[in-house]
Amino acid sequence: MRVDSAKSALLIHAVAYIAVIALCAAFALSHSPPRQWFLWVAAGWGIGLAAHALAVWLTQARHSVRVLADPRVRGLAIHAFVYVAFVALLFGVNIAAGTHHWWAVWVALGWGVGVTVHGWAALVNRRRPTRSSERRSEP
């Protein structure tokens with residue numbers, strides 16, 4: 001994806017985020033002022049938007065950290081960011097709900113297995129070429 005198109009897509013997503021969250025906030029505050037549910041929507045979608053911004057930045061910035069040049073490691077960095085952010089959000093929801101059942105732990109453990117496998121594939125199993133480099137090496 002070209003630099004301009006990647007940044008344009010991010011800008012479109014940011015404008016959509018702002019517009020939809022503003023509409024949700026207006027609706028929530030006019031129909032049920034004590035319940036500010038739109039904040040959870042803003043937080044969840046905001047994490048996705050932040051991950052999108054991170055992906056654009058990681059693919060386009062000149063990095064002093066050479067390891068980020070590898071698309072597998074970049075993908076792992078984005079996946080790990082989203083994991084940490086969403087698990088923190090889920091624990092916030094769990095605490096806000098006031099329950100004594102810590103269901104967010106199970107989400108964190110299950111998703112953590114996926115992030116661990118992704119980390120193994122990206123960091124330990126780096127000897128195998130990526131799909132894009134395999135295509136370039138074919139005659």
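In this predicted model, buried residues account for 25% of the 139 residues in the protein chain. The protein chain exposes about 9,600 Å², and carbon and sulfur atoms supply 69% of that area. Among the contacts in the protein chain with a separation of 6 or more, 67% are accounted for by residues 24 or more positions apart.

The secondary structure of the protein chain comprises 5 helices and 0 strands, and the order of the elements from the N terminus on is accordingly written α-α-α-α-α. Confidence in the prediction is given by a mean pLDDT of 83 for the protein chain, with 83% of its residues reaching 70 or more. Within the protein chain, confidence is highest in helix α4, at a mean of 91, whereas the lowest value belongs to helix α5 (residues 131–137), at a mean of 53.

The packing of one pair of helices was examined in detail. Two packed helices are described by the angle between their axes and by the distance between those axes. For helix α3 (residues 71–97) and helix α4 (residues 104–124), the angle is about 170° and the axes lie 10 Å apart. Because angles over 145 degrees count as roughly antiparallel, this angle makes α3 roughly antiparallel to α4. When the residues in the contact of α3 with α4 are sorted by class, 17 are nonpolar, 7 are polar and 1 is charged. Helix α4, one partner in this contact, is also the helix in which confidence is highest.

Arg74 lies in helix α3, and its relative accessible area is 17%. Because buried means under 20% relative accessible area, Arg74 is classed as buried. When residues up to four places away in sequence are not counted, Arg74 touches Leu58, Thr59, Leu68 and Ala69.

The place of Ala22 is in helix α1 (residues 3–31). Ala22 and Ala42 are separated by 20 residues in sequence, and the distance between the two residues in space, taken from C-alpha to C-alpha, is 9.4 Å.

Technical notes: Residues are numbered from 1 along each chain as its sequence is written. This is a predicted model: local features need pLDDT of at least 70, side-chain atom pairs count only at pLDDT 80 or more; totals for chains, interfaces and linings use all residues. Side-chain values use heavy atoms; hydrogens and water are left out. Helices (H or I, at least four residues) and strands (E, at least two) are DSSP runs, numbered from the N terminus. Buried means under 20% relative accessible area, exposed over 50%, partly exposed in between (1.4 Å probe, protein chains only). Contact means heavy atoms within 4.5 Å. Accessible areas come from the Shrake-Rupley method with a 1.4 Å probe; for residues, only the protein chains shown count as cover. Axes are lines fitted to C-alpha atoms, for helices over the stretch in contact, and angles run from 0 to 180 degrees between N-to-C directions. Angles under 35 degrees count as roughly parallel, over 145 as roughly antiparallel, 65 to 115 as roughly perpendicular and the rest as oblique. Ala, Val, Leu, Ile, Met, Phe, Trp, Tyr, Cys and Pro count as nonpolar, Asp, Glu, Lys and Arg as charged, and the others, Gly among them, as polar. pLDDT is the predictor's confidence in each residue, from 0 to 100.
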